[in-house]
Amino acid sequence: MSGVPTHLPVVGVVAGVALLYFFRNLLLSSPSTESNNENDEERRKKMLEAAQARYQANHKKNTYEVPLNENINLNDPPRYKPETTIKEEDMLLYTHQETWIIDNDLKWHIGKALLDTGNLGITLISESFARHLGLTHSPGQDPSVFQTWLGTTEISGVVPGAKHDVPLISITYRIKEKVFKNRTVGVCSSDNNWDLLVSNNDLRELQSDGYQLKL
C-alpha cells in the first residue's frame with residue numbers, strides 16, 4: 001500500500017529490545033526489598049545485644065551478688081560497713097563521770113554523775129537538778145504541768161544514819177554511749193556534789209556492755 005512507511009516494525013523491535021535491557025540493568029543494580037529487610041533486622045539485633053550487654057555490666061558493678069550456696073544471716077546481711085575504731089579511753093569510767101539527762105521538753109542536759117558501787121538501791125537524782133530540768137515541781141508551782149510521781153521508796157545512807165521516803169520519777173539518761181531509757185529513779189534532797197547518784201545495778205549494766213570502772 002502506497003504511503004505507509006515500511007521501517008516502523010524495525011524501529012519498534014529496536015525500542016523494545018532497548019527497554020528490555022533497561023529494566024534488566026535496573027533490576028541487577030538495585031538490592032532487593034527482602035535483602036534490605038534482612039539487613040535492617042540484623043542491625044537491630046546487634047544493637048539490642050549491645051544495649052543488653054551494657055545494662056548487665058552496669059548492674060553487676062552496682063550489685064552485690066551472693067552465691068546461692070552461701071548462708072545468709074538476715075539479721076546482718078552483706079552490706080557496706082564503715083570502719084569503726086574504739087579507743088581504750090572510750091570504754092573507761094570514772095567515779096565522777098559526765099552524764100546527760102533528758103528534760104521535760106525532751107532536750108538533753110549535761111550533769112555530774114557519781115558512780116557509787118556502794119549504792120545497792122536505786123539511782124537517785126538530786127531534787128535541785130530535777131527541778132532545773134522540769135522533771136518535778138518546786139514549791140508554789142502547779143504540779144499538774146510536771147511529771148506525776150510514780151510513788152515513793154525508802155532510802156538510807158545519803159545522809160549518814162537517816163532513813164526517809166523519796167518520790168519516784170522516770171527519767172532517760174546517758175553515760176558514754178549507754179542510754180538508760182525510762183529508768184525509775186528517786187528524787188533526793190542532798191547537798192552532795194552530784195546531780196545523779198548511779199546505783200550499783202546500773203553500773204553493772206555499763207560493765208556488761210564492756211565499760212570498765214577505773215577507781
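The model is a predicted one, so local features are taken only at pLDDT of at least 70 and side-chain atom pairs only at pLDDT 80 or more, while totals for chains, interfaces and linings use all residues. Numbering starts from 1 along each chain as its sequence is written, and side-chain values rest on heavy atoms, with hydrogens and water left out.

Overall, the protein has 4 helices and 9 strands; these are DSSP runs numbered from the N terminus, with helices being H or I of at least four residues and strands E of at least two. Read from the N terminus, the order is α-α-β-β-β-β-α-β-β-β-β-α-β. Of the 215 residues, 25% are buried, where buried means under 20% relative accessible area, exposed means over 50%, and partly exposed is in between (1.4 Å probe, protein chains only). The exposed surface comes to about 16,100 Å², and carbon and sulfur atoms supply 54% of it; areas come from the Shrake-Rupley method with a 1.4 Å probe, and for residues only the protein chains shown count as cover. As for contacts (heavy atoms within 4.5 Å), 56% of those between residues at least 6 apart in sequence join residues at least 24 apart.

Next, the strands, which pair if DSSP finds at least two bridges between them. Strand β2 (residues 96–102) runs antiparallel to β3, with 7 bridges joining the two. Along this pairing, Gln 97 has Ala 113 of β3 as its bridge partner, and Glu 98 sits opposite Lys 112. Ala 113 also stands opposite Leu 196 in β8, and β3 and β8 pair in the parallel sense over 3 bridges. β2 has a pairing with β6 too, antiparallel over 2 bridges, with Ile 101 opposite Tyr 173.

Ile 101 turns up again inside the protein: together with Ile 125, it has the most contacts inside the largest nonpolar core, a set of 22 residues. Such a core is a set of buried Ala, Val, Leu, Ile, Met, Phe, Trp, Tyr and Cys residues joined through side-chain atoms within 4.5 Å. Two or more residues each come from β3 (108–115), α3 (127–132), β6 (163–175), β7 (178–188), β8 (196–198) and α4 (200–208). β6 gives the largest share, at 4 residues. Leaving out residues up to four places away in sequence, Ile 125 touches a list of residues including Ile 101, Ala 130, Leu 135, Ile 169, Val 185 and Leu 196. Apart from this core lies another, of 7 residues, among them Leu 114, Val 166, Cys 188 and Trp 194.

Helix α4 holds Leu 203, which counts as buried because its relative accessibility is 2%. Beyond its neighbours within four places in sequence, Leu 203 is in contact with Leu 93, Leu 115, Thr 117, Val 198 and Leu 213. Leu 203 and Ile 175 are 28 residues apart in sequence, with a C-alpha to C-alpha distance of 10.0 Å.

On the aromatic side, a search of the whole structure finds 1 aromatic pair. Tyr 173 and Phe 180 have ring centres 4.7 Å apart and planes at 15 degrees, so they count as stacked. The rule here is that rings of Phe, Tyr and Trp (its six-membered ring) pair if their centres lie within 6.5 Å, with planes under 30 degrees apart called stacked, over 60 edge-to-face and the rest tilted. Tyr 173 and Phe 180 are both buried. Phe 180 also has Lys 178 over its face, at 5.6 Å from the ring centre. Likewise, Arg 174 lies over the face of Trp 108, at 5.7 Å from the ring centre; a charge sits over a ring if NZ of Lys or CZ of Arg is within 6 Å of the ring centre and within 35 degrees of the ring normal.

Finally, a word on backbone angles. Most residues other than glycine have a negative phi. Leu 106, though not a glycine, has a positive phi of about 65 degrees. Leu 106 lies in the loop between β2 and β3, a hairpin with 5 residues between the strands, and is exposed because its relative accessible area is 70%. Asn 182 has a positive phi as well, of about 50 degrees. Asn 182 belongs to strand β7 and, at 52% relative accessibility, counts as exposed.
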